[in-house]
Amino acid sequence: MSQATYNKMWTDAQKDLDIQLRREREEFLQPEKDRVKVFKMLAASYIKYMQIFRNLETAHDQLVHWQKRTVIRQVLDGVIGRILEIKKEMVELENSEFHYIDNILEDLKLLPEDIEVPVPRYFIKEKLEVLQQREKILDQVLFNAGLQTQKCVKAMAFEEAIKMIQVAERARQGRHRAAFMKQIYLEEKRERQTKLQVQMGPNPDDAATCIQKVWRGYIQRKKTDKMREEEMIFLGMSLPPHLKAMSISQMHTGQMNALQGEVQERHKEVFIKDKLRETEGLDIKETLQDQIGQCFIECRHIIGKFPDYPTEEAGGSMAILSQKTPEQVAAELAAKKDISLQKKSQKKKKEKEGKEKMKGKKPQKTGKKEEEEGWKMAPSNFLSIMEEGNSQYKAAWQNRDKGCDFLQDHDPELIKEEKREEVEEEIRVQVDKLMQQKLENLKLAVDGEKSDKQKKGRKSEKKKKTTMRKKIPEIEEDLTPDRTIDSLYRQLVEEGLLIKAKTVNLSDYVGSQTVHEKAPLVKALLLAGPTGVGKKMLVHAICTETGANLFNLSASNIAGKYPGKNGLQMMLHMVLKVAKQLQPSVVWIGDTEKIFSKAVPKAEEEMNPIRLEKILPKFLKALKAQDRVLLVGTTNRPFDANLKPFCKVYQKIILIPRPDYASRFVLWKHIILQNGGAITNLLNISCLAKVSDGFTQGHIIQAVQAVLSELRLLQMTRKPLRTAEFMTSLARQDPVYREEEEIFKAWYAKTQLGKARIRALADSEKAGKGKTKEGNKGNKKN
């Protein structure tokens with residue numbers, strides 16, 4: 001698609017966002033008692049924001065114009081955060097992590113695919129080089145430690161390998177034949193030239209023709225090189241000529257994403273900023289000095305003495321000028337002093353009057369509880385971000401002419417406006433230092449005053465700093481001050497605590513730094529469910545989609561490593577230090593119920609799994625809002641753990657059930673095709689989905705892989721796949737029985753969210769019975 005298409009996509013998304021923001025101001029600020037209506041409002045907003053998010057993410061990924069992408073990015077982060085806030089409200093309203101919004105989708109004429117959460121591509125692209133370098137280091141460390149015998153090679157189908165060898169062989173033969181024919185051609189040409197020279201001798205016309213050929217070839221090559229260079233600049237694969245002379249360090253500071261094919265925008269920023277500094281820097285400096293100097297003189301004439309120069313924290317010369325004339329500033333300073341004196345006197349009067357009135361009076365007790373107004377949307381951290389981005393779009397981009405910029409890479413005037421402020425700020429810092437010294441000299445020469453260095457203030461600041469110091473928790477204390485992050489990283493890899501995540505392309509976990517800091521904070525996540533539902537696969541998917549490091553702190557993996565309390569503390573300190581420094585990171589604890597187990601089996605006593613139980617809360621306490629570190633636990637027997645400490649560690653619990661009929665139908669079809677099978681009329685997918693009720697995703701995968709061996713795939717053309725083959729393979733496995741499923745449901749009902757859901761259902765049932773009783777009484781009276 002062209003850039004115009006993505007521009008239109010952005011415009012449509014901004015229009016939808018403007019409508020949605022207006023709707024939120026009208027609907028969400030009003031209290032509502034009807035919970036059904038509230039959920040419909042939240043679900044409709046969730047769906048609408050998801051559509052806006054998908055369009056903005058696509059436009060941000062595909063547009064070349066980096067200034068537009070900057071504006072889109074701000075709005076995009078706001079939309080992601082708002083989606084998370086609405087999701088949190090839906091969970092609290094329904095007391096469930098799963099929501100059924102099929103009827104709303106049907107009303108809006110949408111498909112379930114339209115509200116699937118895409119992983120923002122910028123999350124990986126912005127740090128692609130860092131991730132690739134980290135993966136190389138991880139492979140090398142694993143190889144050196146003997147934990148990985150050979151580097152991972154992507155598997156290739158047999159037919160693809162044959163085709164690749166054929167292509168390479170034909171290319172080799174073609175090159176060999178071309179070289180042979182060229183040699184024959186040159187020999188024949190050489191023989192013809194020698195014969196002509198012998199017969200006719202040198203001819204001036206031939207010499208002129210030869211010179212013309214050489215000259216025309218040279219000119220054409222120059223034109224071709226120029227055309228190719230312009231094409232490479234247009235595609236973003238080469239720098240413009242005026243930027244090639246810049247230093248390598250400057251080039252790296254603004255290097256754009258090579259995968260996107262963007263133009264080097266940061267270089268243009270630096271270039272325009274340098275030009276502004278050269279052309280307008282002196283004028284800005286002189287103007288600031290004249291304004292500040294004039295302000296000093298005028299203030300002295302009015303107040304009677306020179307004012308104190310504002311500190312850097314107070315804004316420096318900005319606090320003096322603030323876009324006002326010296327007369328206005330002087331008058332404002334005098335007025336502020338008068339107002340402050342008046343306020344002090346008024347406060348003293350009010351305090352005296354209040355004390356007199358309160359004498360003999362006792363506070364009145366109403367004894368009434370405030371009536372419930374109904375549900376009201378909680379304050380948002382992201383509405384202001386979206387509104388700011390929306391207003392910025394309207395002011396700068398909504399009515400901007402798009403046809404004048406063929407390359408669609410940047411707008412120089414917008415850069416000048418932005419960089420002019422930066423240049424002014426840089427020059428203002430220099431001017432402040434000069435004018436502060438000048439003011440001290442003026443005070444000394446005219447008034448005979450000496451400037452104090454405020455030593456007392458510094459002493460008080462030191463006292464404040466010492467009093468503000470708090471005791472650092474043990475796990476946050478730097479136990480390895482002399483160790484580098486690289487050395488800690490290598491040690492954790494060699495010990496098997498930092499492992500390589502499998503490449504699993506599932507979009508489940510989304511974040512960016514802005515969203516992570518302001519969104520509802522989740523430090524720990526528990527994935528519970530029967531064996532084979534995809535808990536570990538989901539952990540690897542989180543790492544794949546976010547580019548996160550994966551630390552394995554499962555009881556079986558840390559057995560015998562870092563023994564004792566000090567060793568355990570050192571291990572968690574190293575994990576936390578590396579995880580924070582190389583974030584995002586995922587700390588995974590498999591079979592996490594063993595850490596909180598009621599009774600450790602004798603076979604597992606040597607592993608000592610419960611040694612993490614007391615220190616895990618400290619580990620979570622050490623994680624701050626800005627740290628993109630997530631603790632993920634997986635378990636297939638959560639009912640074996642002590643519930644209270646278990647739920648205290650894991651704030652969010654997601655119970656992954658066995659797949660239903662629709663999911664099994666999609667799974668059978670997808671996995672058979674993925675493993676090279678072909679679906680014909682002899683293979684009844686619907687029958688397989690019904691028969692496999694009670695089986696998990698893992699069971700279905702094992703059944704398909706057992707049937708589709710290499711030999712069976714070769715026979716498939718003359719012997720199509722049949723339903724009975726997969727049934728036989730599936731029957732060899734044990735399903736998830738209903739009793740086990742009921743145990744999971746009973747355990748989840750004891751969790752905080754499960755209890756809240758049961759209470760809400762009980763209250764709704766009581767309310768329903770009350771209404772029916774009132775209705776029956778009314779009928780009897782009639």
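Me: Is Cys 647 buried, partly exposed or exposed?

Reply: Read relative accessibility against cut-offs: under 20% is buried, over 50% is exposed, and in between is partly exposed. In this predicted model, Cys 647 has 22% relative accessibility, so the residue counts as partly exposed.

Me: What about Cys 543, buried or exposed?

Reply: Cys 543 is at 3% relative accessibility and therefore counts as buried.

Me: How many disulfides does a search of the whole structure find?

Reply: A disulfide is a covalent bond between the sulfur atoms of two cysteines. The search covers the whole structure and returns 0 disulfides.

Me: Which strands do bridges join to E5?

Reply: Look for bridges, then direction. Strand E2 (residues 524-528) is joined to E5 by 5 bridges, and the two run parallel. Ala 528 sits opposite Thr 635 there. Strand E4 (residues 585-590) is joined to E5 by 6 bridges, also parallel. Trp 588 has Val 632 as its bridge partner in E5.

Me: What does the side chain of Thr 635 make a polar contact with?

Reply: Thr 635 lies in E5 and is buried at 1% relative accessibility. Its side chain makes a polar contact with the side chain of Glu 593, at 2.7 Å. Leaving aside neighbours within four places in sequence, the contacts of Thr 635 include Leu 526, Gly 529, Lys 535, Thr 592 and Phe 646.

Technical notes:
Residues are numbered from 1 along each chain as its sequence is written. This is a predicted model: local features need pLDDT of at least 70, side-chain atom pairs count only at pLDDT 80 or more; totals for chains, interfaces and linings use all residues. Side-chain values use heavy atoms; hydrogens and water are left out. Two strands pair if DSSP finds at least two bridges between them. Helices (H or I, at least four residues) and strands (E, at least two) are DSSP runs, numbered from the N terminus. A disulfide is a pair of cysteine sulfur atoms within 2.5 Å. Buried means under 20% relative accessible area, exposed over 50%, partly exposed in between (1.4 Å probe, protein chains only). A polar contact is a pair of N or O atoms within 3.5 Å; within protein, one must be able to donate a hydrogen and the other to accept it, and residues adjacent in sequence count only if both atoms are side-chain atoms. Contact means heavy atoms within 4.5 Å.
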